[in-house]
Amino acid sequence: MKKPVFVSLSEAMADIPDGSRVALGGWIFNGQPMALVRALIRKGAKNLDLVPAPGSIAPDMLIGAGCARSTCCVFISFEQFGLAPHFRKQAEAGTLKVYDLDGPAIAGGLRAAICDLPYMPVPDLGTDLPRHAPEHYRELPTAPGERKLLAVTAIHPDVCLLHAQQADDLGNVQYLGTPFFDAMLAQASRKVIVSVDRIVSRETVRASNHLTKLPRSMVDMIVEAPFGAHPTSSPSLYRNDEAHLRAYVEASRTDEAFQAYLRHYVHPERHDAYLDAVGGSMLAGISH
């Protein structure tokens with residue numbers, strides 16, 4: 001049985017070539033793989049094709065840092081803080097190719113990849129998305145009286161970046177909250193890299209084996225990164241950092257301010273340096 005390797009952030013990113021199709025786990029302000037995303041930006045990644053689960057700062061930061069050339073997504077949003085600043089800016093400028101998909105197309109595309117099928121049938125919801133993203137949708141013939149169906153193209157990420165709460169030394173990964181699309185992204189991807197807030201004993205994992213959503217056979221690399229989802233939440237361990245998310249949106253208003261944000265929070269090599277920049281009192285304040 002395959003056993004994942006435990007690596008540093010830079011080692012985890014080393015073999016992700018420019019032009020890769022990169023899936024991002026989590027859900028809006030929950031479980032975004034931020035330590036991995038910051039490491040990918042430091043690596044200087046270019047021309048990535050992003051496949052985010054409904055996300056926020058993870059895909060937006062990669063877009064703002066100049067790492068992405070396209071994304072197929074349901075949405076990228078900052079919810080109460082407004083629209084995703086860099087996603088919106090580059091989509092409007094035409095410098096980011098956006099394949100606008102609905103939920104069934106993302107889920108169906110991943111399921112097709114998992115089943116090694118070229119496409120997956122999904123209900124036709126009657127939107128005009130097939131006209132705007134013909135690469136991902138086509139009509140399927142149906143008999144009279146049957147529900148209209150679309151075929152959605154398989155989505156095969158080269159690599160997916162995920163964040164979970166804990167793993168044991170064998171590489172079994174546990175989620176203390178909902179895993180959202182993470183297990184599906186992992187099964188559809190050729191390579192799976194997971195950051196976890198902590199390494200726990202095998203006994204801890206066995207005692208609550210229902211929390212193991214990614215058994216070690218599904219994982220290629222694990223990085224131990226405490227607060228690795230910050231400024232988004234890691235369920236049961238820490239809440240999202242609303243002040244930091246608000247500051248990110250504010251810093252994204254000008255190129256100068258955003259570059260200053262990247263220098264302060266992203267470019268320091270060590271993950272510890274990021275946590276120092278955020279501040280121990282802030283991290284303690286959002287911890288459960």
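**Strands and helices**

Colleague: How many bridges join β6 to strand β8?

Modeller: β8 covers residues 149–153 and runs antiparallel to β6. Strands here are DSSP E runs of at least two residues, helices H or I runs of at least four, numbered from the N terminus. The number of bridges joining β6 and β8 is five.

Colleague: What pLDDT do side-chain atom pairs need?

Modeller: Residues are numbered from 1 along each chain as its sequence is written, and side-chain values use heavy atoms, leaving out hydrogens and water. This is a predicted model, where totals for chains, interfaces and linings use all residues, local features need pLDDT of at least 70, and side-chain atom pairs need 80 or more.

Colleague: Which are the edge strands of the open sheet?

Modeller: The three strands go β6-β8-β7, with antiparallel pairing (a pair needs at least two DSSP bridges). Each edge strand pairs on one side only. Those are β6 (119–123) and β7 (137–140).

Colleague: Which residues of α4 are buried?

Modeller: Helix α4 spans 85–93, and what covers its buried residues includes α3, β4, β5, α9 and α10. Buried means under 20% relative accessible area with a 1.4 Å probe, protein chains only. The residues are Pro85, His86, Phe87 and Gln90.

Colleague: Parallel or oblique: how does α9 sit to α10?

Modeller: Their axes, lines fitted to C-alpha atoms over the stretch in contact, are 8 Å apart at about 135°. Contact (heavy atoms within 4.5 Å) brings His244, Tyr248 and Ala251 of α9 to α10 residues including Phe258. On a 0 to 180 degree scale of N-to-C directions, under 35 is roughly parallel, over 145 roughly antiparallel, 65 to 115 roughly perpendicular and the rest oblique. So α9 is, relative to α10, oblique.

Note on methods
Buried < 20%, exposed > 50% of the residue type's maximum accessible area, 1.4 Å probe, protein only.
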